[in-house]
Amino acid sequence: MSRVYNFSAGPAVLPEEVLREVAEEMLDYNGTGMSVMEMSHRSKAYQEIIDTAEADLRDLMNIPDNYKVLFLQGGASLQFSMIPMNLMKNGEADYIVTGQWAKKAYQEAQKYGKANKIATSEDKTFSYIPDCSDLPISENADYVYICENNTIYGTKYKELPNTKGKILVADVSSCFLSEPVDVEKYGVIYGGVQKNIGPAGVVIVIIREDLIRDDLPENVPTMLKYKTHADAGSLYNTPPAYGIYVCGKVFQWLKKQGGLEAMKEHNEKKAKILYDFLDESKLFKGTVEKKDRSLMNVPFVTGDPELDAKFVKESKEAGFENLKGHRTVGGMRASIYNAMPIEGVEALVAFMRKFEEENA
C-alpha cells in the first residue's frame, strides 16, 4: 500500500523519515530491550529522551533561559482554562476572537474572571485578521490572548497585536515550528502538537518564569498549576511519554532540514503553488483576504456545495485524503504542514486543474 497525500488539519502528516525511525525502535529503543511505549518515565533512558527533546526545541526556537518548556496533556483546549486560572491576577483579560478556537478560549475565560472581546472578525466569517495596531486594551487586563493561526478559517497574524505593554498569550497549535518566532514577544506561547509536530496527546507550553505563580487560589487543582509541572520538569505524573519521544524525533528532523528559517522558506514555496493556482482558477477560489493567508491551512470553495462534495469524493479516490472543509465552513481545506512534501501540493494542484477542465 503506498502512502496517500494526507491534508488533514490534525492529527496530521508526519515526516516519513521519523515514522520509519520510530518503527525501527518500536521493539527495542537504543539497546534497552523495550519500546519507549513500555518504558518507565522515571528511568534514565526516558529522562534522556525528554531532556534531549527540550534542548532541541530550545535550540530551534532560541528559547531564552527565563522561559520554561512544559510538556503537558489535555490539548490546547485545556489551556483555555489553565491560562485564566494561572494568569488572571486582577481577574480580567482581553481576547481577540479570530476563529472558533479563540472564541472557545474567550468563552472559557469568562468562567474565571472578566474576559473582554476587544476585536473580532466574526462579521465576515473569520476570513481576515482585524487591525490590531491600536486596540482598546483594558487597563486592568492581565494578558491579551490570540490564536495566531486559525486552522479552520486559514488566517494568520502577520504582525502581532500591539498589546500596549500587556503580556501576550498565543495559541500557535497550527503554525508551531513552521517559521522562526521571537519568543520574548510572548508571555506564554503554546500549542497542541498534533498538527505540525507529533501525535495527538501532547501540548507544549512555553511560559516566562515570572508568570508561574505560587499564590494561586486554593481551589485550583494541583494538576492545573503551571508551577506543579515546571517544578517537576514535566514529570509530576506520567507524561504522554511516547508522544514526547516522537516530538523529539521531529525536532531533530527539523534541525536536519536547516531549522525554522529553512522551514519557512519551504512552507512559503509550497503555499505559493496552491495560492497562485487559486488566484488564477475560474472554478476554485480561496476564502481568505490575501494579506492574512495562512501558510499552513488553505480553505477554498467552488461556490457550489454539490460540486464541492464531488471534488472531495473524487480527490479521495485519487489518493488525496482529508480535503473536506471543517463542518462550520464547508468547502475544502488543504492543510500543508511542515511534513507535507512539495510534491503533494503539486499533485493536488494538477488534480484541481484537471477537475476544473472536466467540470467547467
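A: Let's start with a definition: a residue is buried under 20% relative accessible area, exposed over 50%, and partly exposed in between (1.4 Å probe, protein chains only). You're looking at a predicted model, in which local features need pLDDT of at least 70, side-chain atom pairs count only at pLDDT 80 or more, and totals for chains, interfaces and linings use all residues. Residues are numbered from 1 along each chain as its sequence is written, and side-chain values use heavy atoms, leaving out hydrogens and water.

Q: How does S133 count on that scale?

A: S133 counts as partly exposed, because its relative accessibility is 45%. You'll find S133 in the loop between β4 (114–120) and β5 (143–147). Strands like these are DSSP runs of E, at least two residues long, while helices are runs of H or I with at least four, all numbered from the N terminus.

Q: How far apart are S133 and N162 in space?

A: Their C-alpha atoms are 5.2 Å apart, although 29 residues separate S133 and N162 in sequence.

Q: Is N150 buried or exposed?

A: N150 is buried, because its relative accessible area is 2%. N150 sits in strand β6 (residues 149–150). Ignoring neighbours within four places in sequence, N150 has contacts (heavy atoms within 4.5 Å) with T98, G99, I129, T155 and N297.

Q: At what angle do helices α2 and α6 cross?

A: Picture a line fitted to the C-alpha atoms of each helix over the stretch in contact, with the angle running from 0 to 180 degrees between N-to-C directions. For α2 (residues 44–61) and α6 (residues 241–256), the axes cross at roughly 40 degrees and come within 9 Å. The two helices are therefore oblique to each other, as that word covers whatever isn't under 35 degrees (roughly parallel), over 145 (roughly antiparallel) or 65 to 115 (roughly perpendicular).

Q: Which residues of α2 and α6 meet?

A: On the α2 side they include Y46, I49, A53 and L57, and on the α6 side A241, I244, Y245 and F251 are among them.

Q: What about the whole chain: how many helices and strands are there?

A: The chain has 9 helices and 14 strands. Its radius of gyration is 21 Å, close to the 21 Å from the globule rule for 360 residues, so the chain is as compact as a globular protein of that length. That radius is taken over C-alpha atoms, and the rule is 2.2 Å times the number of residues to the power 0.38. Along the principal axes, the C-alpha atoms fill a box of roughly 65 × 60 × 30 Å.

Q: What percentage of the chain is buried?

A: Buried residues make up 56% of the 360.
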